[in-house]
Amino acid sequence: MAFEDQRTTVYKIDPEHPESESLPTLRTEELLLNLGPQHPSTHGVLKVILELEGERLVKSTPVMGYLHRGVEKLAEDGTYHQFIPHTDRLDYVCAMYNNFAYCRAVEKLLNLQVPERAEYLRTIVAEVQRIIGHQFWLGAQALDIGAMTVFFYCFRDREILLDWFNELCGARLTTSWYRIGGVERDLTPSLIDKLKQFLDYFPPKIDEYQVFLEKNRIWLGRTKGVAVISAEDAVSFGLSGPVLRGSGVDYDLRKYEPYSAYPKCEFSVPVGKNGDTYDRYWIRVMELYESVKIIRQCLDQMQEGPVMADVPSVTLPPKERVFTNLEAMIQQFKLFSQGFDAPPGEVYCGTEAHKGELGFYIVSTGGGKPYRLKIRAPSFIHMGAFDHMSRGYMISDACTIFGSYDIVMGECDR
Amino acid sequence: MHPLLQRIQQTFSVGVTGLAEWRGDAAVTVSRNMLHEVAQFLRNDPGMDFDYIVHVSSVDWPDDEERFEVVWEFYSIRKRHRIRLKTRVPESDCVVDSLTDLWKGADFMEREVFDMMGIRFRNHPDLRRILMPDDYTEGYPLRKDFPLRGKGWRDTFDFLDEVPR
């Protein structure tokens, strides 16, 4: 069964010769439709003004900013350490990856080396977060399209990992576990056991998700050939992550600019070829298998060692010492209230989050606070391509399209 | 010096006002009237080949004569290198050329800079506010003279530090 680009069949009545269609002369005009801001499948408060010709989208204008909280402005007012909890609230589905991207940017600014064990822990937790993100996406996207069962299966397994996060850092969603220079605490033996159990449990479950969708006529009909974007356009729009890889560009910062423990792991980057919603779905499912592989390798290779860099002027002292030692408590207090003295300069550091390239651009003039902090949020940049990608498709495809970006408005609006 | 910066220095005898490399990031500062030309060179030259736009940003330096700095960051997917392009604009004439004709993604990113910092982009197809409401008249939030708590009707809030003790 071949799937063509679904945009090819747009029927128009020739205004010069309406009678040639052997139809009575009809008055045609474009219809404006507001989709959102409250709509169950907009993944947050987002309004899209759709210009319609019949049921086809002629032009769509996203209206964003309902969740704008001025995070970049807030960053200028707090110290570097104080900003970590703010990053949780950007993409609130995948807080760990935001922490990771931010800490990496600050470490680049400070030229700080992270101990090896901490690099492995960061990679493990980031990949666990990637699994959670893709499960969430798969469930929500299938629900948007009308396949409800997958949602329950995905969320059942996501729950195991959220409980794992809860045991790791005491929070399920807003985690704040990464620290500048390392991580907050090591994995306990119980956590490692639970993670290993999950890695054995999970791959058959991915096959199970696919059973629901791969042979489902409705799913295939609504994803194959929908929201096609060419590789050239996708690059020009600055898309990243699975959305870009779906168009056949293998841009993945884990491979292009290897960081953390990724260069020590063997994994492949799945790349699509049609650039449609189905390819983006396929890539995310394949990445679930790759994440499992990466976590396994990290658990095998990881050696004992410190989980925080030992640079007292920058990194926080261990919690046990804060509660038992006066100097450590003063150090912790000073680091949070005054911050450390960052060198003047500017850096950009991009990290491959599960949505795409999450980057932080930090301008420092010295002192404990960033002078300017800019967040390159993949969701925001993907929305820029929405009009281009939606033209010619049906109204019902609009939800599929922003679903396929894996959009979270907290990150989009910041 | 970074080979990309060397190449830019050789190509442009005027207009390039600063070249810097720090923490492995190469940055080039150009004068405002040369911006589009340099950007075109970065996009089309086979040795540069910057096909991917990473972000557009802006920095406010209130004490400087040319107050605003606009920053573009580009990446080349084929050549795997990145560069930062910067230019300065004075407050009295906050206009720079839009690069939407070279990178389509610049559209939303430049709108955000306009919204947050008030810098106008010449030849931008649709320069409107993007995150703040269209009828927002209280200024540009990321400027340094914009108070953190906000302006306008928020001034009437009873913040805790204003309550007499």
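This is a predicted model: local features need pLDDT of at least 70, side-chain atom pairs count only at pLDDT 80 or more; totals for chains, interfaces and linings use all residues.

Colleague: How are H6(A) and H11(A) oriented to each other?

Modeller: Helix H6 of chain A covers residues 189–214 and helix H11 of chain A covers residues 277–301. Their axes come within 10 Å and cross at roughly 160°. Angles over 145 degrees count as roughly antiparallel. H6(A) and H11(A) are therefore roughly antiparallel.

Colleague: Which residues of H11(A) make the contact with H6(A)?

Modeller: H6(A) passes H11(A) in a left-handed crossing. From H6(A) the contact takes residues including Leu195(A), Leu199(A), Phe202(A) and Ile206(A). From H11(A) it takes Val285(A), Leu288(A), Tyr289(A), Val292(A), Ile295(A), Arg296(A) and Leu299(A).

Colleague: How do the residues of that contact of H6(A) with H11(A) divide into nonpolar, polar and charged?

Modeller: The contact includes Lys196(A) and Gln210(A) on H6(A), and Arg296(A) on H11(A). The residues divide into two charged, one polar and 13 nonpolar.

Colleague: At what angle do H4(A) and H11(A) pack?

Modeller: The axes of H4(A) and H11(A) are 9 Å apart. H4(A) passes H11(A) in a left-handed crossing. The two helices are roughly antiparallel to each other, and the packing angle is about 160°.

Colleague: How many residues of the contact of H4(A) with H11(A) are nonpolar?

Modeller: On the H4(A) side the contact includes Ile124(A), Val128(A), Ile131(A), Trp137(A) and Leu138(A). On the H11(A) side Leu288(A), Ile294(A), Ile295(A) and Leu299(A) are among the residues. Four residues of this contact are polar and four are charged, while the nonpolar ones number eleven.

Colleague: How many of the residues of H4(A) are buried?

Modeller: Helix H4 of chain A, residues 116–145, has 30 residues. From its first C-alpha to its last it reaches 43 Å, close to the 44 Å expected at 1.5 Å a residue. H4(A) is largely enclosed by the rest of the structure, because its buried residues number 28 of the 30.

Colleague: Which residues of H16(A) are buried?

Modeller: Helix H16 of chain A spans residues 395–404 and has eight buried residues out of ten, so it is largely enclosed by the rest of the structure. They are Asp397(A), Ala398(A), Cys399(A), Thr400(A), Ile401(A), Phe402(A), Gly403(A) and Ser404(A).

Colleague: Which element gives the most to the side of chain A that touches chain B?

Modeller: In the contact between the chains, 32 residues of chain A meet 25 residues of chain B. Helix H1, helix H8, strand S6, strand S7, strand S8 and helix H14 of chain A each supply at least two residues. The residues on this side of chain A divide into 13 nonpolar, ten polar and nine charged. The element that gives the most, with four residues, is S6(A).

Colleague: In what order do the elements of chain B run from the N terminus on?

Modeller: Chain B has three helices and seven strands. Of its 165 residues, 39% are buried. Its C-alpha atoms fill a box of roughly 65 × 30 × 30 Å along the principal axes. The elements run α-β-β-α-β-β-β-β-α-β.

Colleague: Is Ser260(A) buried or exposed?

Modeller: Ser260(A) is in the loop between helix H10 and H11 of chain A, and its phi is positive, near 50°. Most residues other than glycine have a negative phi. A residue with 20 or more other C-beta atoms within 10 Å counts as buried. Ser260(A) has 21, so it is buried.

Colleague: Is Arg80(B) buried or exposed?

Modeller: Arg80(B) lies in the loop between strand S4 and strand S5 of chain B. Its phi is also positive, about 55°, although it is not a glycine. With 10 C-beta neighbours inside 10 Å, Arg80(B) counts as exposed.

Colleague: How far apart in space are Arg69(A) and Gly410(A)?

Modeller: Arg69(A) lies in the loop between strand S3 and H1 of chain A. Arg69(A) is partly exposed, with 14 other C-beta atoms within 10 Å. In sequence Arg69(A) and Gly410(A) are 341 residues apart, but in space, C-alpha to C-alpha, the distance is 8.8 Å.

Methods: Residues are numbered from 1 along each chain as its sequence is written. Chains are lettered from A and ligands numbered from 1 in the order in which they are written. Axes are lines fitted to C-alpha atoms, for helices over the stretch in contact, and angles run from 0 to 180 degrees between N-to-C directions. Angles under 35 degrees count as roughly parallel, over 145 as roughly antiparallel, 65 to 115 as roughly perpendicular and the rest as oblique. A crossing is left-handed if the near helix is turned anticlockwise from the far one by less than a right angle, and right-handed if clockwise. Two residues are in contact if their C-beta atoms, placed from the backbone, lie within 7 Å. Ala, Val, Leu, Ile, Met, Phe, Trp, Tyr, Cys and Pro count as nonpolar, Asp, Glu, Lys and Arg as charged, and the others, Gly among them, as polar. The expected span of a helix is 1.5 Å times one less than its number of residues. A residue is buried if 20 or more other C-beta atoms lie within 10 Å of its own, exposed if 12 or fewer, and partly exposed in between; C-beta atoms are placed from the backbone.
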